[in-house]
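Hi,

Here is the structure I promised to pass on.

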Amino acid sequence: MKKHFLKQIFTSSVIMMFLVQVIYVYLEPSEVTAATAPDSVVVSLTVDSGITITTPTDVTMAPNIGISSDGSIGTVLWTVKTNKTTGYSLGVKASASPALVSGANSFTDYTETTNGTPEFWSVASGQKEFGYSAFGTDVTGLGLWGTGANCGSGSTPNATLKYVGFKAADKTVATRNTVTPTTGIDTTVCFAAQQNGVYVASGTYTATITATATEI
Amino acid sequence: MKKIFVRKIFGLSLVLLLFIQMVYLMAEPAKITAATAADDIIITLNVTSGVTISNGTDATMSPNMGVTSDRSVGSSSWTVATNSATGYVLAVKSLTSPALKNGTTDQFTDYTEATPGTPVAWGGVPAGGKEFGYSAYGADVLDATWGTADNCGNTGTGVTNVAQKYRGFSTSDVTIASRASVTPNVGVTSSICFAAEQNAVYASSGSYQATITATATAS
């Protein structure tokens with residue numbers, strides 16, 4: 001009888017121990033969780049979009065046009081920098097129409113076969129014209145300005161560049177749809193003037209050309 | 001007659017006296033026992049371990065970065081209070097890798113240390129890189145690891161405090177503060193400093209965000 005009683009006590013103890021263990025294991029993770037406290041903050045950084053353009057020196061075309069020299073070319077280079085995600089466009093325009101004037105005298109703005117569409121340089125007989133082209137990394141993609149990589153030599157415009165006459169409204173010469181390098185992107189604008197079978201009145205002719213870089 | 005009455009009273013008194021005597025003898029041992037017994041009680045009070053952390057304010061880094069501004073700094077802070085006898089640990093991690101992103105448009109690389117995971121003085125952003133990192137300071141922040149600064153630098157210029165040491169965020173916890181004892185009930189504040197820099201490269205314009213989670217754990 002006594003032996004049976006001890007056996008019952010032992011069995012009961014084992015069951016109780018097991019039950020306590022199960023409860024402890026169940027509660028333990030929640031206690032650990034309760035001992036931690038999280039918090040989150042949001043860190044914001046705004047990167048402002050911006051765009052810069054260099055200010056090159058004015059251009060003196062060369063050689064001078066005269067009774068024994070019919071053509072002249074000139075070059076200017078603008079560098080554009082932007083961090084705008086969608087890039088920029090660079091347009092040029094003239095402050096006057098026609099662009100190249102000397103008092104009452106002037107060069108006609110270059111006349112294209114199809115108005116506004118650049119074409120290879122060619123001035124008809126009896127005409128005196130002034131036009132421009134462009135080349136550079138962000139010019140090529142437009143597919144408008146030819147394949148030249150310089151403005152020509154001597155008094156002759158580059159034969160692989162395509163020219164157009166200036167307008168008082170912006171015409172895009174370069175564009176990209178991404179951020180530029182911090183060193184910027186160079187775009188060169190080539191100027192060309194020519195008299196053909198006619199004399200331009202002597203004098204100093206000037207054109208004011210404005211280049212504007214705009215975030216897209 | 002009177003004599004018989006007196007005898008009866010006397011007899012009855014004796015019986016009563018005997019009865020009282022018996023009752024006394026029966027009660028006496030219990031009374032003696034009560035006068036010598038002792039008992040102890042144990043009073044138990046459980047002080048539950050707990051830890052709290054304040055809600056850190058979101059941080060807007062300053063100045064804005066741009067084509068003419070290459071650096072930016074920001075800060076936030078958390079106050080931790082605990083009654084854990086063995087103190088607490090405060091750790092931070094970022095939600096994403098890298099931490100500071102503008103959606104899928106662009107992102108800052110997590111600050112790269114010379115020895116991965118070891119905070120170093122800011123200034124090692126290589127040309128062509130743009131990076132984002134953090135440092136910390138406070139009573140429970142180890143100076144040997146995080147530097148000796150007590151501010152996050154200049155929010156006007158974005159220049160970091162030269163006395164601080166920075167590292168890049170990780171998506172797993174990195175300890176920035178700890179102590180091995182109970183805190184004051186007002187808690188202990190740890191500040192976190194954020195720094196971003198572009199070097200000879202433009203971060204694409206836009207709004208960049210990093211979500212940083214701080215977790216205080218009772219030791």
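A quick definition before the details: two strands pair if DSSP finds at least two bridges between them. Helices (H or I, at least four residues) and strands (E, at least two) are simply DSSP runs, numbered from the N terminus. This is a predicted model, where local features need pLDDT of at least 70 and side-chain atom pairs count only at pLDDT 80 or more, while totals for chains, interfaces and linings use all residues. Residues are numbered from 1 along each chain as its sequence is written, and chains are lettered from A and ligands numbered from 1 in the order in which they are written.

With that in hand, here's a link between the chains: strand 1 (residues 36-47) of chain A and strand 2 of chain B run parallel, joined by two bridges. Within strand 2 of chain B, Thr60(B) is the bridge partner of Ser44(A).

On contacts (C-beta atoms, placed from the backbone, within 7 Å), 43 residues of chain B touch 26 residues of chain A. Strand 13 of chain B gives the most to chain B's side, with 13 residues. That side has 20 nonpolar, 22 polar and one charged residues. The classes go like this: Ala, Val, Leu, Ile, Met, Phe, Trp, Tyr, Cys and Pro are nonpolar, Asp, Glu, Lys and Arg are charged, and the others, Gly among them, are polar.

Now chain A itself. There's an open sheet of five strands, in the order 2-3-14-9-7, with mixed pairing. Its edges are strand 2 (51-53) and strand 7 (108-109) of chain A, each pairing on one side only. Strand 3 (residues 71-82) and strand 14 (residues 185-196) of chain A run antiparallel, with 10 bridges between them; Val80(A) sits opposite Ile185(A) there.

In chain B, look at strand 9 (residues 129-138): nine of its 10 residues are buried, meaning 20 or more other C-beta atoms lie within 10 Å of a residue's own, again placed from the backbone. Strand 9 of chain B pairs in the parallel sense with strand 7 (residues 109-110) of chain B over two bridges, and Asp110(B) stands opposite Phe132(B). Strand 9 of chain B also pairs with strand 12 of chain B, in the antiparallel sense, over 10 bridges, with Ala136(B) partnered by Ile192(B).

Last, confidence. Chain A averages a pLDDT (the predictor's confidence in each residue, from 0 to 100) of 89, and 84% of the residues score at least 70. Over residues 24-33 of chain A the pLDDT is below 50, and that stretch has zero contacts in the model beyond near neighbours in sequence.

Cheers

Definitions and conventions:
Two residues are in contact if their C-beta atoms, placed from the backbone, lie within 7 Å. A residue is buried if 20 or more other C-beta atoms lie within 10 Å of its own, exposed if 12 or fewer, and partly exposed in between; C-beta atoms are placed from the backbone.
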